[in-house]
Amino acid sequence: MHAMNRRTDQSDGTGADPRGAHDTDVIVVGAGPTGLLLAGDLAEAGLGVTLLERRPAEISNLTRALVVHARSLEQLDARGLADELVAGGHPLTGLRLFGRATIDPTQLRSRFPFVLVTPQFEVERVLERRARRAGVTFRHDSEVLGLDQDAEGVTVRFRTAEGLGSVRAAYVVGTDGVRSTIREAVRLPFPGKSVIRSLVLADVRLAQEPDSPLTFNATGDAFALIASFGGGWYRVIGWNRHRQAADDAPADLDEVRELTRLALGSDYGMHDARWISRFHSDERQVPSYRVGRVFLAGDAAHVHSPAGALGMNTGLQDAANLSWKLAAVLRGRAPDGLLDSYQTERHPVGKQALRSSGTLIRIALMPTAPGHAVRALAAQLVNHVRPLARRAVRTISGLGIAYPAGPGAHPLAGHRAPDFRLAGGSRLYELLRQGRFVLITPAGEPGVPQATASGGGSSRPVDARVVTASWRSERRTALLVRPDGYIAWATDATAPAARAAALRGAVAHWTGTEDGASIAADLTPPAHAADTPAGR
């Protein structure tokens, strides 16, 4: 186990400086979606966060992500950001693969049963606004040169237009992309290979509007994706087997038109390209997401093909997993060993993303007649075998992700918590906006801690770590939901004394409360219960 600096809560009244000899609590390197979500979470938890970004503030990131899946929207909902993003994007109720296979997200038990088409810069916009409001210190035009870590913290060295500088923190998180300087600084290998070369990316206008905000097809010799950016602009990503070139070779609008016609049958009269570039796509993953006090997340930890649109979404969920754990450790509510669970939980998810996207892109690019037959068979299976279709949509959406719960755990432990409706009309993901654990208990059961209405709602924080609520239904399961929306603990015990004892132990274990009973004593039974929670 690594050395731990325990922190004093700002609310403890001691007046102690929670940062000690550090300039800040956490340094985040890279201001993409992953880094922005992580930095915002930590700052909202009351921690000091410095975000270093190599780009000047006035230069936008070259964004390739176009899709936000249901699980990422749930995470954004838990931060009060999803509705705004959905309102400005294009929700799709179907996603076509290989021309004939259709992924149907309407079957998902989620508040977001669709695929949201919206450019990455819109995701970054809402996340950056939140991070700035929470107090994150942004340092743009700061090129990281290296770092030094010891048992007490990490010092990051960087260069700006004014010269050299450094900043010290308890922990560092590298969210600085596929060419991560932080990954290189901790000497982590990035094993893997290029899966597809000479991809072309362009922003264009179209004379003819496609039938859908997201249009995709693959023929084996070419594939193309066209997505609406709004304002009359469209992002095109494509590949032509017969026009392979190095990343630095120029690409022009004629090449983009050609690959689009090959894959989609039309170039939609594209014109006025404002950006065209060429890149390649790798499949790579670091063996460890943690080296001492340094963590990696997003593309710095794992990269894969664009198939399935998993990249940005996986990074956002990395950040949601890591942020509450860093906050708990820095607040002295959990041992440093909790941070090792980031590797245990997220590394397999990154590996699965590589497998899923790799399978999709390899099937899409099969050039021979047998390959075409494989594509047709895959489409038939996805369209007509319901268990396979459900598994495919849950995998791509992220709703099927579950974490190891350990021997003897309740079957629900480790699984994503749906957006349960609770007594008094509240929703689980509204309560998660407080950044705390949420304890959900049966309504009106003597001897089991319950929540009372407060401020017009059915839940209230009874400790800096826990918000409590009760079911709207007669459901008897008690749940403790982590800040990232996964079920930490559950029980179906019926004996009130046994339930109360198990609940107190779970609260104490998961939240670092000295005595779970101190929370139980502060709660009183609610007044009523009603219908079934959403997503049950």
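Predicted model: local features only at pLDDT ≥ 70, side-chain atom pairs only at ≥ 80, totals over all residues.

I started with E11 and E18 (residues 294-296): the two run parallel and are joined by three bridges. Two strands count as paired here if DSSP finds at least two bridges between them. Helices (H or I, at least four residues) and strands (E, at least two) are DSSP runs, numbered from the N terminus.

Residues are numbered from 1 along each chain as its sequence is written, and side-chain values use heavy atoms, with hydrogens and water left out.

**Other partners of E11**

I stayed with E11 (residues 163-174), which runs parallel to E1 (residues 24-29) with five bridges joining them. Thr24 is the residue I found opposite Ala169 in E11. Next I checked E10 (residues 154-160), which pairs with E11 in the antiparallel sense over seven bridges. E10 and E11 make a hairpin, with two residues between them. There I noted Thr160 opposite Gly163 of E11.

A reminder to myself: strands of a sheet pair through backbone hydrogen bonds, either parallel or antiparallel.

**The open sheet**

In what order do the six strands of the open sheet come? I read E13-E14-E15-E12-E16-E19, with antiparallel pairing. E13 (214-218) and E19 stand at the edges with a single partner strand each, so one side of each has no neighbour in the sheet.

I then took E16 strand by strand. E12 (residues 192-205) and E16 (residues 271-285) pair in the antiparallel sense over ten bridges. I picked out Ile196, whose bridge partner in E16 is Ser281. E16 also pairs with E19 (residues 302-303), again antiparallel, over two bridges. I wrote down Gln285 opposite His302 and Arg284 with Val303 as its partner in E19.

What packs on this sheet? I found helix H8 (residues 340-364), which touches E12, E13, E14 (222-230), E16 and E19. The direction of H8 makes about 120 degrees with that of E16; axes are lines fitted to C-alpha atoms, for helices over the stretch in contact, and angles run from 0 to 180 degrees between N-to-C directions. Contact means heavy atoms within 4.5 Å.

Is H2 (residues 70-77) enclosed or open? I counted eight of its eight residues as buried, so H2 is largely enclosed by the rest of the structure. Buried means under 20% relative accessible area, exposed over 50%, and partly exposed in between (1.4 Å probe, protein chains only). The buried set includes Arg71, Glu74 and Asp77.

Two packed helices are described by the angle between their axes and the distance between the axes. For H2 and H7 I got an angle of about 40 degrees, with the axes 9 Å apart. H2 and H7 are therefore oblique to each other; under 35 degrees would be roughly parallel, over 145 roughly antiparallel and 65 to 115 roughly perpendicular, with the rest oblique. On the H2 side Arg71, Ser72 and Gln75 make the contact, and on the H7 side Asn313, Leu316, Gln317 and Ala320 do. By class I get two nonpolar, four polar and one charged residues in that contact. For the classes, Ala, Val, Leu, Ile, Met, Phe, Trp, Tyr, Cys and Pro count as nonpolar, Asp, Glu, Lys and Arg as charged, and the others, Gly among them, as polar.

**Two single residues**

I looked up Asn321, which lies in H7 (residues 311-330). Asn321 is buried, at a relative accessible area of 0%. Skipping neighbours within four places in sequence, I find Asn321 in contact with Tyr342, Glu345, Arg346, Tyr403, Arg482 and Asp484.

Then Phe138, in strand E8 (residues 137-139). Phe138 is buried too, with a relative accessible area of 16%. Not counting residues up to four places away in sequence, Phe138 touches Leu36, Leu51, Glu128, Ala131 and Arg132. From Phe138 to Val28 I have 110 residues in sequence and 9.7 Å in space, C-alpha to C-alpha.

**Whole chain**
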